[in-house]
Amino acid sequence: MLANDSIVKNSSSLRFKMSRSRHWHARVISGFLASIGVGSFFVGEDYIRDHTSVGIVCFGLSLFILYFSQSAKKQDIALIINSEGLWFCDWELPVIPWRYITNAYSSGTRFRPLLYVELRDAKTFFGSVDRKIQERLIRNPLIKDQHLVVPASILQTPVSEIAEKIRSLLPKPETLAK
């Protein structure tokens, strides 16, 4: 059973929201850096040789983290399952058509659960995407030779439930042969 508050249901797609804890962590880190920056700037003169630069750098990093966490929050949707296939924001790929997906399962450790999406004929799919996207594939740790990875920490919904939903929507082998 899928959790209702973490999914946006349209008539033709399921949209899984990003985890709220991801944004909360960014705010905590940003606040910590901002407090170090302000503290260093105003009271660090006796303790830190270049307290002004340290203060400015920490405060700048704080604003940088806060800005990018807020821009990611505007996106809010991390994973989309629809009639065309599967899309995940951090893969930086177009929608993966169902004909290229063979299986989905959850795996990993207790502290880092992952959703694995196995691909059929991955070379053909990756060869069909734009050249600029192909160049980025090499640097993306979530894209492997024959499978794609989704870290569970990004999603509000448990990956085991998402894997179950993906498996239920996979085309039957006899329909792929036609």
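**Nonpolar patch.** I looked up which helices supply the nonpolar patch: α1 (20-43) and α2 (51-75) each give at least two residues. Helices here are DSSP runs of H or I with at least four residues, strands are runs of E with at least two, and both are numbered from the N terminus. The model is predicted, so local features need pLDDT of at least 70 and side-chain atom pairs pLDDT 80 or more, while totals for chains, interfaces and linings use all residues. Residues are numbered from 1 along each chain as its sequence is written, and side-chain values use heavy atoms, without hydrogens and water.

I noted that α1 gives the most, with four residues. The patch consists of V38, F41, F42, V43, I56, F59 and L63, with about 690 Å² of accessible area together. Patch residues have over 30% relative accessible area and no salt bridge, and nonpolar side chains are joined within 5 Å. A salt bridge is a side-chain nitrogen of Lys or Arg within 4 Å of a carboxyl oxygen of Asp or Glu. Areas come from the Shrake-Rupley method with a 1.4 Å probe, and for residues only the protein chains shown count as cover.

I checked F41, found in α1. F41 is partly exposed, at 37% relative accessible area (buried is under 20%, exposed over 50%, partly exposed in between).

**Sheet.** I found three strands in an open antiparallel sheet, ordered β6-β7-β8. β6 (101-108) and β8 (147-151) are at the edges with a single partner strand each, so one side of each has no neighbour in the sheet. Strands pair if DSSP finds at least two bridges between them. Seven bridges join β6 to β7 (residues 113-119), and S107 stands opposite L114 in β7.

Definitions and conventions:
Patches are made of residues with over 30% relative accessible area and no salt bridge: like charges are joined within 9 Å, nonpolar side chains (Val, Leu, Ile, Met, Phe, Trp, Tyr) within 5 Å. Buried means under 20% relative accessible area, exposed over 50%, partly exposed in between (1.4 Å probe, protein chains only).
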